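Subject: Structure handover

Hello,

Here is the structure I promised to pass on. Please open it first, then read my notes below.

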Amino acid sequence: MMEKFVAKITVAASEGKKLGVEDPRRIIHSLKVGLAITLVSLFYYFDTLYQGFGVSAMWAVITVVVVFEFSVGATLGRGVNRAIATLLAGSLGVGAHRLANILGEKLEPVFLGFSVFLVVSSVTFIRFHPKLKARFDYGLLIFILTFCLISVSGYRDDEVLKMAHKRLSTILIGGSAAVVVCSFICPIWAGEDLHNLIAGNIENLGIFLEGFGHEYFQTSDGKLLDDKASVDEYKSVLNSKGTEEYLANFAKWEPRHGRFRYRHPWDQYLKIGVLVRECAYRIDALNGYLNSEMKTPAEVRDKIQESCTKMSSESSLALKELALSIKTMSSSSIADPHIVNAKTAAKKLKLLLKSDMREGTDFLEIIPAASVSSLLIEIVSSTVKIADSVHELASMAKFKNDVLKQKETEKGKVLRVPSIERSHNISIIAE
């Protein structure tokens, strides 16, 4: 039993270390939460503070626990929601209590019960509204809770106004402590995470396309087999919608910080994310043909090899440049020549597909090659849409113009730029 216990402790410690190594910000966040709760708990430790608030001081601790989130935007959003909801619901609850007193002792419980029913039913229905649910669902929930606590408990407690004042004060103190600690001590920004996520997703698509043509046509350059783990990273893009919407929602709460201006176009990131996922689904279908049992005749593969390889490589370069443009927040047209080359190869392939490729060949043997060609053409179309959206983001967010890089490319020089969060370089040659 002791050996099993030690083994479980060792496994738990190993998993904890892995969590910290994957994202050291988790450790910092944990320490920040502990600091914030320690600060507000001083209201219990010092008699002078405790006498002013009494047992209501516990609401400050509870507020920190429920408000303090991983990012500044999430914390600020929940804090503002809780403060406004508490203020409005507390005022409404006190008003309902005062009006019930005027009606008399017999009608008071009837009026309070009807008020609770009406307010709770109305606010619960409002929570179903998509836009309100996305940004204010927590606030609406706190509104219901606070109104019920004030109006119901006020029936047995004559000092309802004093109770509401203490509760609101301690909640504001707890929320302020959480926001200050989260914002000024190693802040974690949801907007920056969204920014990096979109850039990384675009680059993951480019990594897959970089070597697809060489592997599918089994040429000597087998880039896809060298790093299979990094190639399969495109699959993470398929399920990124929830994370993107979550980050965008909280990014809207964040003030201006770093390179991100006030009213930064966060919704544009969601539009880009939709286009990137569409491209990822096509790439996922394309990946299925790498190990397909149906083999296309060599003569058919030779006809489409040049165009397919060109579309794949040029789309890869364009996507990587677009990802780098987002990552560095620089407006650049370096991706445009690669897109033009990919579109030219796609037109050439379309003309080839319209010609008679079935001479002396079984129709079933042509299907895989035709499917791969069709998917690559659609991927080129998706790349064009992604590029347009990225350029629109650059205009809306006022990205800086990378004039030097564009001039070097126009002169036909070889330009080396660092890949996003990777040590290898991307060689770009202007044609």
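A cavity here is a set of grid points where a 1.4 Å probe fits but cannot get out, and its lining residues have an atom within 4 Å of a point. Keep in mind that this is a predicted model.

**The cavity**

The largest cavity has a volume of about 40 Å³. Which residues line the largest cavity? They are Glu321, Leu322, Ser325, Ser332, Ile334, Ala335 and His391. Helix H16, residues 298–328, gives the largest share of this lining, with three residues. By class, the lining has three nonpolar, three polar and one charged residues.

**The chain as a whole**

The protein chain has 431 residues, and 46% of them are buried. Its secondary structure comes to 19 helices and four strands. Take the contacts with a separation of 6 or more: residues 24 or more positions apart account for 80% of them. The accessible surface is about 23,000 Å². Carbon and sulfur atoms hold 61% of that surface.

**Salt bridges**

The count comes to twelve salt bridges. I describe some of them here.

Start with aspartate 193 and arginine 25. Their side chains meet in a salt bridge, at 3.0 Å from N to O. This pair links distant parts of the chain, with aspartate 193 in helix H10 and arginine 25 in helix H2 (residues 25–40). The two are 168 residues apart.

Next is glutamate 22 with arginine 26. The closest N and O atoms of this salt bridge are 3.4 Å apart. Arginine 26 is partly exposed, at 35% relative accessibility.

Then look at aspartate 267 and lysine 252. They form a salt bridge whose closest N and O atoms are 2.9 Å apart. This pair, too, links distant parts of the chain, 15 residues apart. Aspartate 267 sits in helix H15 (residues 266–287), while lysine 252 is in the loop between helix H14 (241–251) and H15. Aspartate 267 is partly exposed at 40% relative accessibility. Lysine 252 is partly exposed as well, at 37%.

**Residues in helix H10**

Helix H10 spans residues 190–216 and holds leucine 197. Histidine 195 is found in helix H10 too.

Is histidine 195 buried or exposed? It is buried, because its relative accessible area is 0% and buried means under 20%. Leaving aside neighbours within four places in sequence, histidine 195 is in contact with Arg259, Phe260, Tyr269, Ile326, Lys327, Met329 and Phe399.

Leucine 197 is partly exposed, with a relative accessible area of 23%. What does leucine 197 touch, not counting residues up to four places away in sequence? It touches Thr243, Glu244 and Leu247. Leucine 197 and threonine 243 are 46 residues apart in sequence. In space they are 9.1 Å apart, C-alpha to C-alpha.

**A histidine in helix H2**

Histidine 29 lies in helix H2. Its relative accessibility is 15%, so it counts as buried. Histidine 29 touches Phe68, Glu69 and Phe70, again not counting residues up to four places away in sequence.

**Two positive phi angles**

Cysteine 186 is not a glycine, yet it has a positive phi of about 45°. It lies in the loop between helix H9 (160–184) and H10. With a relative accessible area of 45%, cysteine 186 is partly exposed.

Lysine 398 is not a glycine either, and its phi is positive at about 60°. Where is lysine 398 found? It is in the loop between helix H18 (363–397) and strand S2 (400–401). Lysine 398 counts as exposed because its relative accessibility is 58%, and exposed means over 50%.

That is the handover.

Best wishes

Key:
Residues numbered from 1 in each chain as written. Predicted model: local features only at pLDDT ≥ 70, side-chain atom pairs only at ≥ 80, totals over all residues. Heavy atoms only, no water. Buried < 20%, exposed > 50% of the residue type's maximum accessible area, 1.4 Å probe, protein only. Contact = heavy atoms within 4.5 Å. Areas by Shrake-Rupley, 256 points an atom, 1.4 Å probe, with all protein chains shown as cover. 1 Å grid on protein atoms, 1.4 Å probe; cavity = no way out; pocket = protein on both sides within 12 Å on 5 of 7 lines; lining within 4 Å. Points joined across faces, edges and corners; volume = space filled by probe spheres on them. Nonpolar A, V, L, I, M, F, W, Y, C, P; charged D, E, K, R; others polar. Salt bridge = Lys/Arg side-chain N within 4 Å of Asp/Glu carboxyl O.
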